[in-house]
Amino acid sequence: MKNTKTRKPTHPGEVLLEDVLKPLNLPISEAAKSLGVSRKTLSEIVNQKAGITPNMAVRIAYATNTSAESWIRMQGKYDLWLAMQEKINHIEKFPIAV
C-alpha cells in the first residue's frame, strides 16, 4: 500500500511557522501566549514533532482569521501520506457481494 508517487505534504506546523509567525516576526513564546497554549506545545507543532488537533486548529484559525477546516485538512493530508508510506501486513480484502 506504499504511495511514493506524490510528494510529502507540508506539515501544518511548518506553514504556521513560515507563513504566519516569521512574517509577523512573532516569537513562539508570544504566539503560544496569544493562542492560550504552552510554548512547548506550540514548539512541538512548528518543529513537526506534534500534529494540529481540532482544538488547536480552532485556536489558530481564530488568531489568524483563517478556517479551522483548512488547518485540519492540512494535518489530515500529512497524516494520511505518512500512513500510506508504511507497509501494512495481514490485510485481506472483504469478499465482494454479488
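Predicted model: local features only at pLDDT ≥ 70, side-chain atom pairs only at ≥ 80, totals over all residues.
Student: How many helices and strands does the protein have?

Tutor: First, the idea. Helices (H or I, at least four residues) and strands (E, at least two) are DSSP runs, numbered from the N terminus. Here there are five helices and zero strands. Along the sequence the pattern reads α-α-α-α-α.

Student: What does the radius of gyration say here?

Tutor: It is taken over C-alpha atoms, and the globule rule is 2.2 Å times the number of residues to the power 0.38. A compact globule of 98 residues would come out near 13 Å, but this protein has 17 Å. Look also at the principal axes: the C-alpha trace spans about 60 × 25 × 20 Å along them.

Student: Is His11 buried or exposed?

Tutor: Buried means under 20%, exposed over 50%, and partly exposed in between (1.4 Å probe, protein chains only). His11 counts as buried because its relative accessible area is 3%. It is found in the segment before helix 1.

Student: What does His11 touch?

Tutor: Contact means heavy atoms within 4.5 Å. Not counting residues up to four places away in sequence, His11 touches Ile45, Gln48, Ala50, Gly51, Gln75 and Tyr78.

Student: Why does Ile96 count as exposed?

Tutor: Ile96 is exposed because its relative accessible area is 76%. It lies in the segment after helix 5. Now compare sequence and space. Ile96 and Val37 are 59 residues apart in sequence and 48 Å apart in space, C-alpha to C-alpha.

Student: How much of helix 1 is buried?

Tutor: Helix 1 covers residues 12–21, and seven of its 10 residues are buried. Among them are Val15, Leu16 and Leu17. The buried residues of helix 1 pack against helix 2 (28–35), helix 3 (39–46), helix 4 (54–64) and helix 5 (68–85).

Student: Which residues have the most contacts inside the largest nonpolar core?

Tutor: A nonpolar core is a set of buried Ala, Val, Leu, Ile, Met, Phe, Trp, Tyr and Cys residues joined through side-chain atoms within 4.5 Å. The largest one has 19 residues, and Leu16, Leu21, Leu42 and Trp71 have the most contacts inside it. Helix 1, helix 2, helix 3 and helix 4 each give two or more residues to this core. Helix 1 gives the most, with five residues.

Student: What is Leu42 in contact with?

Tutor: Leave aside its neighbours within four places in sequence. Leu42 is then in contact with Leu16, Ile28, Ala31, Ala32, Leu35 and Val37.

Student: Which residues other than glycine have a positive phi?

Tutor: Take two cases. Phi of Gln48 is near 60°, and phi of His90 is near 65°. Gln48 lies in the loop between helix 3 and helix 4, whereas His90 lies in the segment after helix 5. Gln48 counts as partly exposed because its relative accessibility is 35%. His90 is exposed, with a relative accessible area of 82%.

Note on methods: Residues numbered from 1 in each chain as written. Heavy atoms only, no water.
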